[in-house]
Amino acid sequence: MHTDRSATFPDDDGAADRREVQTSLIRYVTELKEQAVLALVQERLDDGDDPLSIVEECQEGMRRVGELYEQRVYFLAGLIMAGEIFREVMELAQPVIEAQISGEASGRVLLGTVQGDIHDIGKNIQGMLLSCHGFTVYDLGVDVSPAEFLAQAKRVKPDIIGLSGLLTSSYDAMRDTIALIHGASASELAGVPIIIGGTSVTEQVCQYVGADYWIINAMEGVRLCQRLLADKAS
Ligand code: B12
């Protein structure tokens with residue numbers, strides 16, 4: 001089919017092409033086309049495309065996979081496959097991201113996925129980007145109990161605590177964890193900002209669980225942590 005791109009996007013001849021390539025990646029992830037995803041990601045990395053944009057497009061594809069799971073078009077195997085594709089994408093993109101970003105030595109962030117939740121792709125991306133920007137990241141892994149979070153927070157004495165959770169049921173685990181950290185026995189942790197992250201967190205969730213901040217994009221997470229560190233230093 002012929003399309004007159006110059007008529008559609010008079011200011012930028014390449015914009016239509018770029019939009020098309022982006023849509024293709026989101027679509028391939030949504031359709032769980034593993035080989036097509038990996039080939040396109042590699043091609044775009046080779047072309048010098050921004051690896052973070054590539055990751056964000058894959059994240060959008062994952063969101064759509066989730067919707068199809070909700071609509072019962074996909075089943076658990078679809079979620080597992082999506083997770084595997086994203087892991088492979090990160091194997092390609094992570095070295096490029098790490099080579100591009102280097103940060104000054106910075107603060108300490110304690111990170112983990114809360115109890116009952118094993119989603120870790122987003123948390124790992126957040127951890128990796130923070131490390132690239134100079135933060136020391138203590139990653140507790142997944143399914144971390146409130147007691148474990150508290151014990152590790154007392155040990156590590158982080159500047160920032162980050163809780164990840166993607167399930168609705170994770171909100172109660174976040175709330176319990178934060179309540180414990182804010183508890184009297186943890187007064188040494190008073191004032192340590194707590195950030196929650198995950199695909200469906202919102203301001204409402206943030207208030208419900210008693211967190212200080214909420215984040216759904218890892219680069220915004222980095223910028224927030226940098227700001228919090230700068231505020232602490234001033
Ligand atoms: C892949 C996937 C899985 C994989 C996870 C693999 C893995 N190693 O993580 C597997 C197959 C294991 C899985 C299992 C399940 N899943 Co699942 N899964 C997904 C899916 C499709 C993608 C998640 C993902 O990785 N996204 C990509 C990442 C990059 O995005 P992200 O997590 O949002 O992270 C970004 C930001 O949020 C932020 N961020 C993340 N964490 C943090 C933390 C901090 C501190 C900060 C600052 C920022 C930050 O940075 C990241 C990068 O920008 C989502 C759909 C969706 N909408 O996300 C469903 C989804 C989360 N799963 C869902 C469900 C229901 C399940 C299961 C219960 C299914 C089942 N019947 O067993 C189980 C639960 C298992 C458990 N106990 O945890 C539902 C949750 C619904 C709900 N409201 O509770 C979703 C939303 C799908 C849906 N729409 O129904 N799942």
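A crossover is right-handed if, with the strands pointing away from the viewer, the path from the first strand over the helix to the second runs clockwise. Helices (H or I, at least four residues) and strands (E, at least two) are DSSP runs, numbered from the N terminus. The model shown is predicted: local features need pLDDT of at least 70, side-chain atom pairs count only at pLDDT 80 or more, and totals for chains, interfaces and linings use all residues. Residues are numbered from 1 along each chain as its sequence is written, and side-chain values use heavy atoms, with hydrogens and water left out.

**View 1. The chain as a whole has 10 helices and five strands.** Of its 234 residues, 43% are buried (buried means under 20% relative accessible area, exposed over 50%, partly exposed in between, with a 1.4 Å probe and protein chains only). Among contacts (heavy atoms within 4.5 Å) with a separation of 6 or more, 70% are between residues 24 or more positions apart.

**View 2. The five strands form an open sheet with parallel pairing, in the order 2-1-3-4-5.** Strand 2 (136–139) and strand 5 stand at the edges with a single partner strand each, so one side of each has no neighbour in the sheet. From one strand to the next, the twist averages 25° (axes are lines fitted to C-alpha atoms, for helices over the stretch in contact, and angles run from 0 to 180 degrees between N-to-C directions). Two strands count as paired if DSSP finds at least two bridges between them.

**View 3. Strand 1 has strand 2 as a parallel partner over four bridges and strand 3 as a parallel partner over five bridges.** Leu-111 stands opposite Asp-139 in strand 2 and opposite Gly-162 in strand 3. Five of the six residues of strand 1 are buried, so this strand is largely enclosed by the rest of the structure. Together with helix 6 and strand 2, strand 1 makes a right-handed β-α-β unit.

**View 4. Strand 4 (residues 194–197) pairs in the parallel sense with strand 3 (residues 160–164) over four bridges and with strand 5 (residues 213–215) over three bridges.** Ile-195 in strand 4 stands opposite Gly-162. On the strand 5 side, Trp-214 is the bridge partner of Ile-196, and Ile-215 is the bridge partner of Gly-197. In a regular strand the side chains alternate between the two faces of the sheet. Here Ile-194 and Ile-196 point one way, Ile-195 and Gly-197 point the other way, and all are buried. Strand 4, helix 9 (residues 203–209) and strand 5 make a right-handed β-α-β unit.

**View 5. Helix 6 (residues 121–132) lies across strand 1 (108–113), strand 2, strand 3 and strand 5.** Its direction is at about 170° to strand 1. Helix 8 (residues 170–182) also packs on the sheet, where it touches strand 3 and strand 4 and makes about 170° with the direction of strand 4.

**View 6. The largest nonpolar core has 40 residues.** Such a core is a set of buried Ala, Val, Leu, Ile, Met, Phe, Trp, Tyr and Cys residues joined through side-chain atoms within 4.5 Å. Leu-25, Ile-97 and Leu-129 touch the most other members. Helices that each supply at least two residues include helix 2 (15–30), helix 5 (76–100) and helix 10 (218–233). Not counting residues up to four places away in sequence, Ile-97 touches Pro-51, Leu-52, Val-55, Met-128, Leu-129 and Cys-132. Another core, of 23 residues, lies apart from the largest one, with Ile-161, Val-201, Val-205 and Val-209 among its members.

**View 7. The cobalt atom of the ligand has a single donor from the protein, His-119.** The NE2 atom of His-119 is 2.3 Å away from the cobalt. Donors are N, O and S atoms within 2.8 Å of the metal (3.2 Å for Na, K and Ca); water is not among the atoms, so sites may look incomplete. His-119 lies in the loop between strand 1 and helix 6.

View 8. Val-96 is 48 residues from Gly-48 in sequence and 9.5 Å from it in space, C-alpha to C-alpha. Most residues other than glycine have a negative phi.
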